[in-house]
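Subject: Structure handover, salt bridges

Hello,

Please find the structure below. Notes on its salt bridges follow.

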Amino acid sequence: MQKIAALPALLALTAAQPAAHAPIEGYWKNPIGSAIIAIAPCGQDLCGKVVWASERGQREVSKHTSHVVGTTVLTGLKARHDRWTGNLYIPDDNIHVSASLQLLGSRQLKLTGCALAIFCRTQVWTRADGPVPGSD
């Protein structure tokens with residue numbers, strides 16, 4: 001009987017615990033170092049927003065957007081087993097594709113974007129330490 005009475009108290013304590021951070025949350029640098037993306041909660045999902053872009057990075061997307069910094073490039077990221085799936089906006093090409101992200105350790109994140117499930121491209125992002133650099 002005591003076990004049954006303790007169940008509501010245990011459930012209340014469990015519900016009051018803050019949500020754990022997803023291991024992919026944080027700042028990530030693309031392979032050529034031209035952009036840093038912050039992955040953080042947005043509603044029930046995770047999203048990724050460009051928080052810094054080098055001069056080269058800004059130039060590469062200038063055909064489609066005048067201000068890449070602040071652009072949300074990852075949306076609707078949901079955890080599924082050891083991966084996160086959602087959508088990726090590629091500002092260079094002005095297209096939206098499906099996205100799959102997988103940690104390759106604590107410092108590397110594999111991002112695969114696929115259009116029509118057959119045309120895929122993969123990058124490995126590196127965790128960005130320290131403050132976000134100023135624009136160059």
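Is Lys78 buried, partly exposed or exposed? Lys78 is partly exposed, at 37% relative accessibility (buried means under 20% relative accessible area, exposed over 50%, partly exposed in between, with a 1.4 Å probe and protein chains only).

On the source: this is a predicted model, in which local features need pLDDT of at least 70 and side-chain atom pairs count only at pLDDT 80 or more, while totals for chains, interfaces and linings use all residues. Residues are numbered from 1 along each chain as its sequence is written, and side-chain values use heavy atoms, with hydrogens and water left out.

A salt bridge here is a side-chain nitrogen of Lys or Arg within 4 Å of a carboxyl oxygen of Asp or Glu. The count under this rule is five; among them are the following.

Asp45 and Lys78 form a salt bridge, at 2.5 Å from N to O. This pair links distant parts of the chain, 33 residues apart, with Asp45 in strand E3 (residues 45–53) and Lys78 in strand E4 (residues 72–80). Helices (H or I, at least four residues) and strands (E, at least two) are DSSP runs, numbered from the N terminus. Asp45 is buried, at 18%.

Arg56 and Glu60 are also bridged, with their closest N and O atoms 2.9 Å apart. Both lie in helix H2 (residues 55–61), four residues apart, or about one turn of the helix. Glu60 is partly exposed at 29%, and Arg56 is partly exposed at 42%.

In the bridge between Asp129 and Arg107, the closest N and O atoms are 2.7 Å apart. Asp129 is exposed at 56%, whereas Arg107 is partly exposed at 36%.

Regards
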